[in-house]
Amino acid sequence: MTYGQLFLILLAMVMFSTIYLTTYNSLFDQADLAYKGMYLLNGQKVTDKFFQEIESKILGQILSFDNLESAYNNFSDSITVSDVVYHVNISTTPCTQTGADTTTVNPEFIRVDMSIWGIHPDSDTLWIGMPSAPISKVFVDLFY
Amino acid sequence: MSALLEAIAATLIGGIFMLTIITSIINIQAIGVNLNQQIELVETSEDIVSVIESYLSFVGAGVADSAIINTTDSSFTFSYADSIGSARRIINIGEETINDSKQLAAYRDGSTIPSLGPFQLSDYGVEFVYYDVNENPNPADSLIRSVQMTMEFEYDTYREDIDRRFIRHRIRIWKYFKNLYL
């Protein structure tokens, strides 16, 4: 066997390995996407839990609308679902009909911004709403 | 003689390559099927959870008292009325065992035919945790104001050419009973 033939065989093996690795890599990427979707879905349920909590407390007059801002501004909590710890950060912003207005003493609306992050079992950090682009809900003072 | 040895070696190496390719194809097929079914399971479980959430939003609607009838770790029975003063409707959501397999189902007004389900669950099944207004767990039924429901759906992906594998999806929801807060 000449050196040329040996080189061609080695080249073929390298190319074959590349195709093999690329195929498996793309498959695992897709599987990872599917699993991340599951964790993101659970994270969305966590955001829904906190929005429901706020809404119920206001409806039940356990929390007055005026105290919503102070009670939930810079609020943090952690919830574990399927071995993933979801870290919740909530901030509030007083609003008028035209949008955010921090100068309003008794706001008619309060925007609640939520961002959640969790550590994926593969050590990737998952964000469900980010501090720069949070999941938001605006609450209105029914007795304004 | 050396030509014969070279031919044997080439056949062996070629055979190894062929086996690798066939194994890869089988693995790719198995991963593809499982992945597809995992996505389907997530979509289906999300649909089921949406319906369960709509059921739970009825808790205590139109009834002045005894909205929550029975609570256990694996089932929840409550009542509501379509309008104030009309007959109470009773809903039971919970886990049951059919053919040695845990199933999630909802029943309306004591019917033996489920109005939702049954849906196959894993051995984990379903778990209810009840909370009072101050988020203390497991209060008396009359003090319950919210529920945390965790369930793990399961899908048997058995195929003759791929073998048996269970795909699971655990999902947790919270429901605050707004009617009981009013």
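**Figure 1. The hairpin of S1(A) and S2(A) in the predicted model.** In the hairpin of S1(A) and S2(A), 2 residues lie between the strands, and Ser82(A) takes a positive phi near 50°. The model shown here and in the other views is predicted. Strand S1 covers residues 75-81 of chain A and strand S2 covers residues 84-96; the two pair in the antiparallel sense over 7 bridges. Within this pairing, Phe75(A) has Ile90(A) of S2(A) as its bridge partner. Strands of a sheet pair through backbone hydrogen bonds, either parallel or antiparallel.

Figure 2. Strand S4 of chain A, residues 109-119, pairs with S2(A) in the antiparallel sense over 10 bridges. In S4(A), Met114(A) is the residue opposite Ile90(A). Ile90(A) is also the bridge partner of Phe75(A).

**Figure 3. Helix H1 of chain A and the residue after it.** H1(A) has 57 residues, and the distance from its first C-alpha to its last is 83 Å. At 1.5 Å a residue the expected span is 84 Å, and the value for H1(A) is close to it. After H1(A) comes Gln61(A), with a positive phi near 55°.

**Figure 4. Chain A as a whole.** The secondary structure of chain A consists of 2 helices and 6 strands. From the N terminus on, its elements run α-α-β-β-β-β-β-β. The radius of gyration of chain A is 25 Å, while the globule rule gives 15 Å for 144 residues; the value is well over the rule, so the chain is more spread out than a compact globule. Along the principal axes, the C-alpha atoms of chain A fill a box of roughly 90 × 30 × 20 Å. Buried residues account for 22% of the 144 residues of chain A. Among contacts in chain A between residues at least 6 apart in sequence, 51% join residues at least 24 apart.

**Figure 5. The contact between chain A and chain B.** On chain A, 21 residues are in contact with 19 residues of chain B. Helix H1 of chain A, residues 3-59, gives the most to the side of chain A that touches chain B, with 17 residues. The residues of this side of chain A divide into 9 nonpolar, 8 polar and 4 charged.

**Figure 6. Chain B as a whole.** Chain B contains 2 helices and 7 strands. Its pattern along the sequence is α-β-β-β-β-β-β-β-α. For 182 residues the globule rule gives 16 Å, and the radius of gyration of chain B, 26 Å, is well over that value, so this chain is more spread out than a compact globule. The box filled by the C-alpha atoms of chain B is roughly 100 × 35 × 25 Å along the principal axes. Of the 182 residues in chain B, 25% are buried. Among contacts in chain B between residues at least 6 apart in sequence, 43% join residues at least 24 apart.

Figure 7. The 7 strands of chain B form an open sheet in the order S1-S2-S3-S4-S5-S6-S7, with antiparallel pairing. At its edges are strand S1 (68-71) and strand S7 (166-176), each of which pairs on one side only. The twist from one strand to the next averages 25°. S3(B) and strand S4, residues 101-108 of chain B, run antiparallel and are joined by 8 bridges. One residue of S4(B), Lys102(B), is the bridge partner of Thr97(B). Helix H1 of chain B, residues 2-56, lies across S3, S4, S5 (116-131), S6 (146-156) and S7 of the chain, and runs at about 25° to S7(B).

**Figure 8. Surroundings of Ile91(B).** Ile91(B) is part of strand S3 of chain B, residues 88-98. This residue counts as buried because it has 20 C-beta neighbours inside 10 Å. Leaving aside neighbours within four places in sequence, Ile91(B) is in contact with Tyr55(B), Phe58(B), Phe78(B), Ala106(B) and Arg108(B). Ile68(B) is 23 residues from Ile91(B) along the chain, and their C-alpha atoms are separated by 9.9 Å.

How values were computed:
Residues numbered from 1 in each chain as written. Chains lettered and ligands numbered in written order. Predicted model: local features only at pLDDT ≥ 70, side-chain atom pairs only at ≥ 80, totals over all residues. Pairing = 2+ DSSP bridges. Helix = DSSP H or I, 4+ residues; strand = E, 2+ residues; numbered from the N terminus. Contact = placed C-beta atoms within 7 Å. Nonpolar A, V, L, I, M, F, W, Y, C, P; charged D, E, K, R; others polar. Rg over C-alpha atoms; globule rule 2.2 N^0.38 Å. Buried ≥ 20, exposed ≤ 12 C-beta atoms within 10 Å, placed from the backbone. Axes fitted to C-alpha atoms, helices over the stretch in contact; angles between N-to-C directions. Expected span 1.5 Å × (residues − 1).
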